2 protein chains.
Amino acid sequence: MMRTHYCGTLTEALLEQTVTLCGWVHRRRDHGGVIFLDMRDRDGLVQVVIDPDTPEAFATADRVRSEYVLKITGRVRARYAGTENANMISGQIEVLAKEIEVLATSETPPFPLNDDFTNVSEENRLKYRYLDMRRPEMLERMRFRSKVTSQIRNYLDENGFLDVETPILTRATPEGARDYLVPSRTQPGSFFALPQSPQLFKQLLMVSGFDRYYQIAKCFRDEDLRADRQPEFTQIDVETSFMDDEDIMTMMEGMIVKLFDNLMGVKFDKFPRMTYAEAMRRFASDKPDLRIPLELVDVADLLQDIEFKVFAAPAKDPKGRVVALRVPNAGDLSRGKIDDYTKFVGIYGAKGLAYIKINDITKINNGLDGKETGLQSPIVKFFPDAALQTIIERTGAQNGDLIFFGADKAKIVNDAMGALRIKIGHDLGMSTTEWAPLWVVDFPMFEEVGDGQWTSVHHPFTLPKVSVEEMKADPGAATSVAYDMVLNGTELGGGSLRIYTVEMQKAVFEALGISDEEAADKFSFLLDALKYGAPPHGGLAFGLDRLIMLMTGASSIRDVIAFPKTKTAECPLTQAPAPVEPNQLRDLGIRLREKPKADDAKA
Amino acid sequence: MMRTHYCGTLTEALLEQTVTLCGWVHRRRDHGGVIFLDMRDRDGLVQVVIDPDTPEAFATADRVRSEYVLKITGRVRARYAGTENANMISGQIEVLAKEIEVLATSETPPFPLNDDFTNVSEENRLKYRYLDMRRPEMLERMRFRSKVTSQIRNYLDENGFLDVETPILTRATPEGARDYLVPSRTQPGSFFALPQSPQLFKQLLMVSGFDRYYQIAKCFRDEDLRADRQPEFTQIDVETSFMDDEDIMTMMEGMIVKLFDNLMGVKFDKFPRMTYAEAMRRFASDKPDLRIPLELVDVADLLQDIEFKVFAAPAKDPKGRVVALRVPNAGDLSRGKIDDYTKFVGIYGAKGLAYIKINDITKINNGLDGKETGLQSPIVKFFPDAALQTIIERTGAQNGDLIFFGADKAKIVNDAMGALRIKIGHDLGMSTTEWAPLWVVDFPMFEEVGDGQWTSVHHPFTLPKVSVEEMKADPGAATSVAYDMVLNGTELGGGSLRIYTVEMQKAVFEALGISDEEAADKFSFLLDALKYGAPPHGGLAFGLDRLIMLMTGASSIRDVIAFPKTKTAECPLTQAPAPVEPNQLRDLGIRLREKPKADDAKA
């Protein structure tokens, strides 16, 4: 090996020893006729001193610049008193260079990689990703990611899970997002699809008797990208047989608990369980952020008959929802701040944000009969006294509190008030803990997308909790044996028990309006497999990128992926995607559609 | 958990205990009014006995068939003396069932999965892969594969390698095979390519300072398939900085040594090293099978001036080769067998297979001057006595031996005689050892493909052993710092040190006839990266599928992949590739080329 030690690992234990380092010039200073180089490798920095007593080394050091690659041999010595750096592992020592070899030179990087790195556009960072990842912050994230996958693999190996690779060139999978397609050369006109998940393959492995499977698997979705989405992403994919939902949750919870303990020293208690219904009722979200102690309270029953239609109409509508959100000690929130929150809920489609300030809890009335009221609100006059009394009781409001209201279609209320709950909680510093994990269980089987049209809440292979007959009778009431692991309001992973009989699988396809022909065309191999002794099975998949993002506190999913794509699914580094040669297309039996000319497009 | 134990793990240690098993009915027998079920799970088989004393269980057992999935609770008891089965871990015991639950029924499988499995077509096995993988042989291979990757990861983790994922949707890579293309929806007319290897990304990670990288990576090549190729295959991909070729070989050898020791109890000595030149000279192969002790001996210098043009012409041709292959104790090989070998070398383009049988080593002459000759051969008359004498000396031939000859263009001789060497060695049972690993080193940098046209023997990023000037002066003489690990005549993996200066990289592109424009178009990001302080680096990639195939003794690469493609790159299970909807193509800005009509094609 060229080096004896990594820069960042040198300590006083090596005093007076000769070491050889290989790394990059992080920073160069000339000071008092002596040259100081901060040398960097993946383990950190060390200060190297070159003085004129070693003229050859000094001459070399004199011409090196930032990001040159050097091999340096020298003696470890204590720093002069007062020049120690407590922020560095190697801060008590320095290396007095004897020999310096320039292994590679460097032009001036397009952006600085040391402390001067600031305000660099993401486009530029991605174009020069190999330089961006030299920054210790980035390199540490990638290293952390490697540790996470290693820990996860060890846990799953120890628990008897087999790592099995499933195909990347495969058939369109049923997750419902847009597939990436790969033209076949040997069958022109036919296409492979890149998998949106290994779902069907892992179920088939259970049919094969693999019993416990895992894979850290690349998955692909050709969707328009949001901040936390990538065209290719990585899933910790798990499937087991002969285990029930409790067994699976316990096993997977154990993995996450161990991961946080081993890598971050975070100790979790047993994760709370919450039904989907309760999560929606109390937090208006199927992935509630339990760090925020604020809760929603339903009040529709109190307001169905009032004259104020903004509340009465959704209160009477079976698809409407009316909620109150008590915010303790927020009675002094300024008009401007309330206006900001009103705009915020507007993003989610809410048409306004009603509120009541609680000034004096002994005077709960709407003041219409001339009585002095302890409530301050533009809308309090619409509310009967009894309703006000019950709202105060249900929310537990106290003097100095503020109550916000949401009243609209349930989806708008949930989106808007669920988001507002979290925003206010963070704004007012109400977070009660750093990490708040939980399981959300008992999801509905289906979601209504049109009149009598149903879609799967998870996917069509999820096992219902009800019989075929019950499901057919009332699809909307059917729940599934599905479970999501949620951390700090983010879905870390989700899974379910799977259907393992032909009868139930066909019934679910039918409920989803998938014709027998379509089912046979797309899923005949699954339906076939279920005929030959499929074991009860279930599993789960975690989003690895999102997990790493949460654990490292990165603000973008792109910061935890070595070579990510931009929001327009491009790679500024390699310039992918790129045009190809006409003969490549000919081989594949495809041609480009002619683009409308620019003029036509404008016209 | 539904089960208390896996079937295959039950032993006498559990006598008289109550256990619950989950698994498949492997075989059912009725014998003496009692029902015997061989129950199977991934850990093996156990015999379950159901007698009429438990009428409910008996009634259930009476209707179960092969491949039903059962949950059985019962008591472990010793088998009756004389009915033990020494071939099973659980062969000393059986389980007397108390309760049986049918978890899933099964139709009769399309082929039997127990000992009756025989002569099933591969097409059928792949179509019903989920059943094929129930066979213990297949399941064990997949399990072994999982152990191999686990061991490899542990070794690399322990040695400080970081597991980093590189993109699947990327730019065309330079390995030279045909790329799989993925049309971009956001940039119609542009395409991603699936990587043929992570080569450039791993080099960029070295430029980033990751120092030690690995990935068990999916790679893709759209080539016509041979028995040991798949459209997608898996590579153990490694790259390091600041290590020389010896360091890298030692590190990687350590990994393979540990793997074979831990998983198979095979102990390797230090792997021998052999230059490419020596391997070609002695074994006519860059991946010599050293289990076979036969060697080739060059004899062109002895035969340049003889009248027999079949030998003299290639002996004089600088691109020709003439070799002798001594086969000890093969003098009694029948004429028919020699004819078979003549046909065999014909596959490789050899026009014949000359031979000499050594009957009496004291009489080495061609017999033309009337002297009695101890040599028996149709061609011996063309050889001068002195040449015969030297050939015997060089080959070390003894009475009873046979010497084969190859004379043709060097490529044909190498292909034919290299293959013949191995075939004869196996036919005659000459293998001296079960496992024969070695490193082949000092590969040529380039291979001539046309007049003055050169191609890379490895890839264009391989570091030459010579200077830019020397390389330009004589590309054919330049060797590279490249190394292949070979086991039993199979290339397990290969790698090299990489070019890390712009100057050398450009010179190699130039030698390969890659224009500046093409280099800038395809590799500008690499050339850019080399400007900013690239460390000396190198690495290696192993073919995981082939490694597993060798270790498990599987006869096809498809037998070590869970869901492989056929030789025509199709998946009989999922019917991939498949037609897609017209609107999907429209989204991607492509259309199908019209096929010539069947009638036209016939005309």
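**Copies, rings and sites**

Mentor: In this predicted model, 100% of the interface residues of chain B are also interface residues in chain A, so the copies meet through the same surface.

Trainee: By what turn can chain B be laid on chain A?
Mentor: The superposition gives an RMSD of 0.1 Å, with a shift of 0.0 Å along the axis. The two copies are thus related as by a two-fold rotation axis. The turn is 180°.

Trainee: How far apart are the C-alpha centres of domain 1 and domain 3 of chain A?
Mentor: Chain A is divided into domain 1 (7–104), domain 2 (139–273 + 438–560) and domain 3 (292–432). Between the C-alpha centres of domain 1 and domain 3 of chain A the distance is 63 Å.

Trainee: Why do the rings of A:Phe509 and A:Phe523 count as stacked?
Mentor: The search of the whole structure finds 44 aromatic pairs over all chains. For A:Phe509 and A:Phe523 the ring centres are 5.2 Å apart and the planes are at 20°. Planes under 30 degrees apart count as stacked, so with its 20° the pair is stacked.

Trainee: Which parts of chain A does that pair tie together?
Mentor: Both A:Phe509 and A:Phe523 are buried. The pair ties together parts that are 14 residues apart in sequence, because A:Phe509 and A:Phe523 lie in two helices of chain A. These are helix α14 (residues 502–511) and helix α15 (residues 516–529).

Trainee: What kind of aromatic pair do B:Tyr128 and B:Tyr130 form?
Mentor: B:Tyr128 and B:Tyr130 are both buried. Their centre to centre distance is 6.3 Å, and the angle between the planes is 75°. Angles over 60 degrees count as edge-to-face, and the pair is edge-to-face.

Trainee: Over which ring does the charged end of A:Lys423 sit?
Mentor: In chain B, B:Lys423 lies over the face of B:Phe344, at 5.5 Å from the ring centre. In chain A, the charged end of A:Lys423 is 5.5 Å from the centre of a ring, that of A:Phe344.

Trainee: Is B:Phe405 buried or exposed?
Mentor: B:Phe405 is in strand β16 (residues 402–409) of chain B. Not counting residues up to four places away in sequence, it touches residues including B:Phe311, B:Leu353, B:Tyr355, B:Phe383 and B:Met417. The cut-off for buried is under 20% relative accessible area; at 2%, B:Phe405 counts as buried.

Trainee: Which residues form one aromatic cluster with A:Phe405?
Mentor: The cluster is in chain A and consists of Phe residues. Alongside A:Phe405, its members are A:Phe308, A:Phe311, A:Phe382 and A:Phe383.

Trainee: What is the relative accessible area of A:Gln230?
Mentor: An unreviewed UniProt entry places the feature "binding site" at positions including A:Arg221 and A:Gln230. A:Arg221 lies in the loop between β9 (212–220) and β10 (232–241) of chain A and is partly exposed at 26%. A:Gln230 lies in the loop between β9 and β10 of chain A, and its contacts beyond four places in sequence include A:Ile557, A:Arg558 and A:Lys565. A:Gln230 is buried, with a relative accessible area of 5%.

Trainee: In which strand is B:Thr240 found?
Mentor: B:Thr240 is buried, with a relative accessible area of 1%. Leaving aside neighbours within four places in sequence, its contacts include B:Phe161, B:Asp211, B:Pro536 and B:His537. B:Thr240 is in chain B, in strand β10 (residues 232–241).

Terms used:
Residues are numbered from 1 along each chain as its sequence is written. Chains are lettered from A and ligands numbered from 1 in the order in which they are written. This is a predicted model: local features need pLDDT of at least 70, side-chain atom pairs count only at pLDDT 80 or more; totals for chains, interfaces and linings use all residues. Side-chain values use heavy atoms; hydrogens and water are left out. Helices (H or I, at least four residues) and strands (E, at least two) are DSSP runs, numbered from the N terminus. Buried means under 20% relative accessible area, exposed over 50%, partly exposed in between (1.4 Å probe, protein chains only). Contact means heavy atoms within 4.5 Å. Rings of Phe, Tyr and Trp (its six-membered ring) pair if their centres lie within 6.5 Å; planes under 30 degrees apart count as stacked, over 60 as edge-to-face and the rest as tilted. A charge sits over a ring if NZ of Lys or CZ of Arg is within 6 Å of the ring centre and within 35 degrees of the ring normal. UniProt positions are given in the numbering used here, feature names are shortened, and annotations may be inferred rather than shown by experiment. Copies are superposed by least squares on the C-alpha atoms of residues with pLDDT of at least 70 in both. Domain bounds come from an automatic or database domain assignment.
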